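Subject: Structure handover

Hello,

Here is the structure for you to take over. My notes follow below it.

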Amino acid sequence: MSLRERVLIILCVMFGCYLALEYSVHRWLIYPEYVMQEQQQAQNAVEYAVEVIQNAARQTQEKVARAAKSGAFYEMLKNPQTTPAVNSLNCDFLLVYDHQFNPVWNDQADSETRTVIQHDLLETETPFITVNKMGFSKNGLHPVNGRYARVIVEPILSSPQSLTVEGMVIVGYYLNDTHFQDLKDRLGLTFNWKILSPEEMNNATAEIAQSVTVENPYHFSTLGDNLLQCGTFLYDVYNRPALLVKTFQDRQLSTHGLQTIHKLLMVKAAAGLVAVIFLTLLLQRLVITPILKLIKHIGKSGSPTSKEGNLNFARNDEIGTLACEFDNMRNRVQNAQVKLAEKSYYSGITEMSSGILHNVRNALSPITTRIDRIKDQFRDIPLQHLEQAQQELQNGSLSHERRTDLIRFVELTFQNVVLNLKETVTGLEELSLQVFQIEDMLNSQKTFGGRDKNGPFEFVEPIQLIDKALEMVPDRTFKYCKVKTQQIKKVPAIPVHTTTFPQVLQNLIINAAEAIEREKSLYSKIVISCESEPGESVDMLHWTIEDNGAGIEPEKIKTIFERGASSKNKGLTGIGLHWCANTVTAMRGKIWAESNGPHRGACFHILIPMAAEETLAATAEEG
């Protein structure tokens, strides 16, 4: 694909992305504002209708309250045969009770209806009317006789100045279409309503009720493309939907807004197409054509190491500068090749030295511990007490008992000294062996880093390799964990480098112990096992060193054997695992790590060949 085609594709893609972004902004940011304005208008209409209904209920409650405080109902308490002078209430039922909530008067001629009303309001568990408490004023929707009624409760006073509650009056009127139609016609409102049944709701109303919450008490739905419906509920005293109030709003605002968005995008698309054509021609003249000429010049100049074919591009802009810098770059590349070769050589020497120092440091830790132990043994010898006992023994006037005790003390002390000297000799012998191991390590490392990567192999049993590796592990390591071996004794002797391979095991054991120390596990352990597996040419011995320590993060598993990589604290180089990987690879083996993540332990795997002695000899001859 040519540069001209790439530029054209990039411009078209950018133009397409711009149009998509413009459409997204208008469709998902601007257009929703139109919809929100329509919803707000519908919501305002519903709120106004609900406020009108609530105001009508409050006006009726004020009439009942004035009548209850005027003394009209108080006369009925004195004379139950008296008819209340409250004809203006226009209620469906009216109940009067004395201060002990005994019925005094009921306007329902039908005794069965009166019983039902009284049962629904007083004899059922309701949060609305409290029989044993008087003097409260309430107004709410309540199910009565299978229908919803607006129930008003007011205390009866003997006069407006009286503060003593003489009884209670309950006034109610059933919700009906005539009442809401009268409000709608009288105030010129445009709302619709639906009176619900206390027992059940149809599917459409139930769906609206499920979508309405306290935070969002309004439900919006579209009716075709031209109408937006907004609805809300008035609830009864049991917090159940009793009345559904709805309004309808035309959708001209959002419809016209969407049409305007489409027209605007068409105009921008036409302008963008003209801009793409103009930019394509401009880039063709100013960039693409000069770059094609530059490519031809570079092709004629030959390889970068050639001394001929210098570029002489007569331009004062960035392309001319690029052509001028090409020759300088060719010279810098030649110099960089020489420096890179030298740096690679010194880097290899540095890496080998780091590996040697890392292993020597691990081997010196047990020596330091042994020397400290010998120093402590010599400090325990009571030289001052011996000198004091010797001076007293030279005194001729010393008592026989005192002389006997001093001689016994000297004998016991010399026995302890002799025992400490024997232990010191044993410790020095061990130190000598460990020093020889370090010397052998340095000599073998020199051989291992030379031409013969296989080194002086010997057949050694795996259990001996484990023992040799554990000898080089510092004693403090075993304070944090226990090392267990599995199936080690069942594996026959294998050909390995007797000094280098134990260092690999030692590094892995120390790393596992440090991971356990960081995790501070309750039951800390390191499990070492090995078993033979079939390989492509020879059988392989599969070693595993598993711990329940801090684990390894998934993103570090693939890079943990790289130089400088480490799961320890910041500042450590991570040369140990890198050296182990190089050593195992030189032994024609393989090493890798597995972990289920942080705090879930880790397992290191090593595969080394179990080649026969004849195979090793043949390999050495080929080398």
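His-599 sits in the loop between strand S15 (590–594) and strand S16 (602–609). Helices (H or I, at least four residues) and strands (E, at least two) are DSSP runs, numbered from the N terminus.

On provenance: this is a predicted model, so local features need pLDDT of at least 70 and side-chain atom pairs count only at pLDDT 80 or more, while totals for chains, interfaces and linings use all residues. Residues are numbered from 1 along each chain as its sequence is written, and side-chain values use heavy atoms, with hydrogens and water left out.

**Backbone and loops**

Most residues other than glycine have a negative phi. His-599 has a positive phi, near 70°. His-599 is also exposed, at 60% relative accessibility. The cut-offs are under 20% relative accessible area for buried, over 50% for exposed, and partly exposed in between (1.4 Å probe, protein chains only).

Asn-145 has a positive phi as well, near 55°. Asn-145 lies in the loop between strand S3 (138–144) and strand S4 (147–156). Its relative accessible area is 38%, so Asn-145 is partly exposed.

Pro-382 is in the loop between helix H7 (318–379) and helix H8 (383–393). Pro-382 is partly exposed, at 27%. Its C-alpha atom is 9.4 Å from that of Val-417, 35 residues apart along the chain.

**Helix H10**

Which residues of helix H10 (residues 462–471) are buried? They are Pro-462, Ile-463, Leu-465, Ile-466 and Ala-469. Seen down the axis, these fall within an arc of 160°, so they line one face of H10. The arc is taken from the directions from the helix axis to the C-beta atoms. The buried residues pack against strands S10 (457–460), S11 (482–486), S12 (494–497), S13 (525–533) and S14 (540–547), and against helix H11 (500–519). Contact here means heavy atoms within 4.5 Å.

**Second largest pocket**

A pocket is an open set of points on a 1 Å grid over the protein atoms alone, where a 1.4 Å probe fits, with protein on both sides within 12 Å along at least five of seven lines; lining residues have an atom within 4 Å of a point.

The second largest pocket has a volume of about 400 Å³. That volume is the space filled by probe spheres set on the points, which are joined across faces, edges and corners. The lining has 15 residues, with Ala-56, Gln-59, Thr-60, His-179 and Arg-186 nearest the centre. Helix H1 (3–70) and helix H4 (177–187) are the elements that give two or more residues to this lining. H1 gives the most, with six.

Best wishes
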